[in-house]
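Here's a quick tour of a model for anyone who likes cut-offs spelled out. Have a look at the structure first, then read on.

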Amino acid sequence: MYWVLLTPSPPETRMDKAVTLNQTMVREFILVGLSSNPTMQRVLFMVFLPLYLLTLAGNILVLVTIVHDRQLHSPMYFFLSNLSFIDICHASVTVPKMLVDFLSAEKTISFGGCVAQMFFLHLFTCTEIFLLTVMAYDRYVAICRPLQYLTIMSRRVCLQLTGVLWLGGTVHSLALTSMTIKLPYCGPREVDNFFCDVPPVIKLACTDTYVIEVLIVSNSGLISVVCFVVLVVSYGVILTSLRSRLSMGKRKALSTCAAHLTVVTLFLGHCIFIYSRPSTSLAEDKVVSVFFTAITPLLNPIIYTLRNEDMKRALNKLMGGKVDAEK
């Protein structure tokens with residue numbers, strides 16, 4: 001009699017509970033998108049498709065130009081080629097899905113697809129933040145310590161720095177993604193954006209996410225703010241040191257620094273705005289996200305080519321070589 005009372009629940013009961021739990025789990029999410037108006041969605045498709053194609057073409061052209069021209073085989077352009085590669089990957093994480101959804105009645109994404117989108121988005125975003133910081137250090141050495149530049153920024157050092165920044169981006173992305181997927185999702189499915197990102201997704205969890213939100217702010221927000229401060233201080237030191245330079249060298253250095261500062265402001269401005277506050281939806285979130293995912297990767301090659309005399313010379317040389325080859 002006592003043995004019967006102490007016997008655990010039958011296996012069938014536990015199995016039934018597991019089946020019931022699995023049936024309540026969310027298997028896909030619905031992306032709210034930028035607009036629910038079919039006409040507006042077609043207009044947005046016609047706007048963002050050329051922008052995406054120009055992003056791919058511009059960044060690929062930068063990569064080809066740097067590889068083709070031996071005079072650009074320096075640390076600065078090595079990092080710039082990495083920036084173009086990351087921008088191609090960054091835009092390709094979200095924009096193709098956005099374009100497909102503009103022409104789709106149901107804007108759904110599987111749970112696995114949502115997780116993959118969050119992982120690669122944060123991988124490329126964090127890696128680019130670290131890369132912009134490394135590029136600032138590279139400019140500091142080139143301008144403030146020109147005689148030791150090639151020794152300090154040797155090929156081995158450049159490769160090591162690249163490996164470290166990619167490793168840092170991977171660790172950061174794994175940490176955020178693992179925290180997000182461990183949360184239970186059993187109710188709402190609408191992600192209030194056109195792609196899956198950690199802040200809007202964790203709002204759908206069937207549990208209190210306060211601790212996760214604090215970790216996001218202390219992780220992504222802190223990285224963005226600290227890197228931004230380091231970058232501003234670095235360029236402040238560089239600009240101060242330029243006061244004693246000749247006018248020609250000063251103009252070239254100022255042009256390079258201005259290009260870097262423009263990219264940094266555009267890129268890190270989004271990260272600070274989104275990840276340095278609690279997960280509350282604002283009307284400006286989607287506008288900032290569009291600029292971050294679809295516009296900034298297009299502006300980078302434009303900024304670096306139009307404000308860089310060496311890149312313009314190399315581009316003219318590359319185009320001239322093609323014309324000669326055709327003749």
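Does aspartate 192 count as buried, partly exposed or exposed? Aspartate 192 counts as partly exposed, because its relative accessibility is 37% (buried means under 20% relative accessible area, exposed over 50%, partly exposed in between, with a 1.4 Å probe and protein chains only).

## Ground rules

This is a predicted model, so local features need pLDDT of at least 70 and side-chain atom pairs count only at pLDDT 80 or more, while totals for chains, interfaces and linings use all residues. Residues are numbered from 1 along each chain as its sequence is written, and side-chain values use heavy atoms, with hydrogens and water left out.

## The overall picture

The chain has twelve helices and three strands (DSSP runs numbered from the N terminus: helices are H or I with at least four residues, strands E with at least two). Of its 327 residues, 44% are buried. Take the contacts (heavy atoms within 4.5 Å) between residues at least 6 apart in sequence: 80% of them join residues at least 24 apart.

UniProt, in an unreviewed entry, lists "transmembrane region" for several spans, among them 115–137 and 222–242; its positions are given in the numbering used here, feature names are shortened, and annotations may be inferred rather than shown by experiment. In the model, residues 115–137 are 100% helix, with end C-alpha atoms 33 Å apart. Residues 222–242 come out at 95% helix and 0% strand, and their end C-alpha atoms lie 30 Å apart.

## Inside the core

The largest nonpolar core holds 82 residues, and Phe29, Phe48, Leu80 and Tyr185 have the most contacts inside it (a core is a set of buried Ala, Val, Leu, Ile, Met, Phe, Trp, Tyr and Cys residues joined through side-chain atoms within 4.5 Å). Helix α5 (residues 111–144) gives the most to this core, with 17 residues. Leaving aside neighbours within four places in sequence, phenylalanine 29 is in contact with residues including Phe111, Cys114, Tyr185 and Leu204.

Leucine 44, in helix α3 (residues 38–68), is buried at 16% relative accessible area. Its C-alpha atom is separated by 7.3 Å from that of phenylalanine 102, 58 residues apart along the chain. Serine 289 sits in helix α11 (residues 285–306) and counts as buried at 2% relative accessibility. Not counting residues up to four places away in sequence, serine 289 touches Asn193, Phe194, Phe195 and His270.

## Salt bridges

The count comes to five salt bridges (a side-chain nitrogen of Lys or Arg within 4 Å of a carboxyl oxygen of Asp or Glu). One of them pairs arginine 313 with aspartate 69, closest N and O atoms 3.2 Å apart. That pair links distant parts of the chain: arginine 313 is in helix α12 (residues 309–326) and aspartate 69 in the loop between α3 and α4, 244 residues apart. Arginine 313 is partly exposed at 30%, whereas aspartate 69 is buried at 2%.

Back to aspartate 192: its side chain meets that of lysine 286 in a salt bridge (3.4 Å, N to O). Aspartate 192 lies in the loop between β3 and α8 and lysine 286 in helix α11, so the pair ties together parts that are 94 residues apart in sequence. Lysine 97 and aspartate 101 also form a salt bridge, at 3.2 Å, and both lie in helix α4, four residues apart, about one turn of the helix.
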